[in-house]
Amino acid sequence: QVQLVESGGGLVQAGGSLRLSCAASGRTFSTYTVAWFRQAPGKEREFLARITSSGINTVYADSVKGRFTISRDNAKNTMALQMNSLKPEDTAVYYCAAQRMGPSTYTYWGQGTQVTVSS
């Protein structure tokens, strides 16, 4: 069993940066592919980025490629999402997820953290 807790959300001006963190419990976290998603009001959940268990391979959505960076530290059971050049359209609740079972299917999810980008 893995529990995920996000932190680092908040209010930022357009063009600014935020770093989201996700702390995981459980011994199996390091064996899972993990990812970040977001969901804006009235919209479907959107995949942002994922990283393999080793941390070597990453995949990004076109909407965030070049602006966001996913990383993980298996020794600390954490993952992060560095977000730069933020835009108002990045406003959403951000979720970390672990154990990829399909394109948007993950076994474990965090509770979410709000990111608001003002124009």
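## The disulfide

Cys96 is buried, at 0% relative accessibility. In this predicted model, Cys96 forms a disulfide with Cys22, and the two sulfur atoms are 2.1 Å apart. Cys22 counts as buried too, because its relative accessibility is 1% and buried means under 20%. A disulfide is a covalent bond between the sulfur atoms of two cysteines.

The search of the whole structure finds one disulfide. The angle about the S-S bond is 60°, and the link is right-handed. Cys22 sits in strand S3 and Cys96 in strand S9. The pair links distant parts of the chain, 74 residues apart.

## The nonpolar core

The largest nonpolar core has 36 residues. Leu4, Trp36, Leu81, Met83 and Tyr94 have the most contacts inside it. Several strands each supply at least two residues of this core, including S3 (18-24), S4 (34-39), S5 (46-51) and S9 (92-102). Which strand gives the largest share? That is S9, with five residues.

Leaving aside its neighbours within four places in sequence, Tyr94 is in contact with Leu20, Phe37, Leu48, Phe68, Leu81, Met83 and Val115, among others. Its contacts also include Glu6, Arg38, Gly112 and Thr113.

## Aromatic rings

The whole structure has five aromatic pairs. One of them joins Phe37 and Phe47 edge-to-face, with 5.6 Å centre to centre and 75° between the planes. Phe37 is in strand S4 and Phe47 in strand S5, 10 residues apart.

Phe37 lies in S4 and Trp109 in S10, so the pair ties together parts that are 72 residues apart in sequence. Trp109 is partly exposed, with a relative accessible area of 27%. Ring pairs link Phe37, Phe47, Tyr106 and Trp109 into a cluster.

## Charges over rings

Arg45 lies over the face of Phe37, at 5.7 Å from the ring centre. Elsewhere, the charged end of Arg72 sits over the ring of Phe29, 4.9 Å from its centre.

## Salt bridges

A search of the whole structure finds four salt bridges. Arg38 and Glu46 meet in one of them, at 2.8 Å from N to O. Arg38 is buried, at 6% relative accessibility. Glu46 is partly exposed, at 28%.

Asp90 forms a salt bridge with Arg67, and their closest N and O atoms are 2.7 Å apart. Asp90 lies in the loop between S8 and S9, and Arg67 in the loop between S6 and S7, so the pair ties together parts that are 23 residues apart in sequence. Both Asp90 and Arg67 are buried. Salt bridges that share partners join Arg38, Glu46, Arg67 and Asp90 into one network. Asp62 and Lys65 form another salt bridge, at 3.2 Å from N to O. Asp62 is exposed, with a relative accessible area of 66%, while Lys65 is partly exposed, at 49%.

Key. Residues numbered from 1 in each chain as written. Predicted model: local features only at pLDDT ≥ 70, side-chain atom pairs only at ≥ 80, totals over all residues. Heavy atoms only, no water. Core = buried A, V, L, I, M, F, W, Y, C linked by side-chain atoms within 4.5 Å. Buried < 20%, exposed > 50% of the residue type's maximum accessible area, 1.4 Å probe, protein only. Helix = DSSP H or I, 4+ residues; strand = E, 2+ residues; numbered from the N terminus. Contact = heavy atoms within 4.5 Å. Phe/Tyr/Trp six-rings, centres within 6.5 Å; stacked < 30°, edge-to-face > 60°. Lys NZ or Arg CZ within 6 Å of the ring centre and 35° of its normal. Disulfide = S-S within 2.5 Å. Salt bridge = Lys/Arg side-chain N within 4 Å of Asp/Glu carboxyl O.
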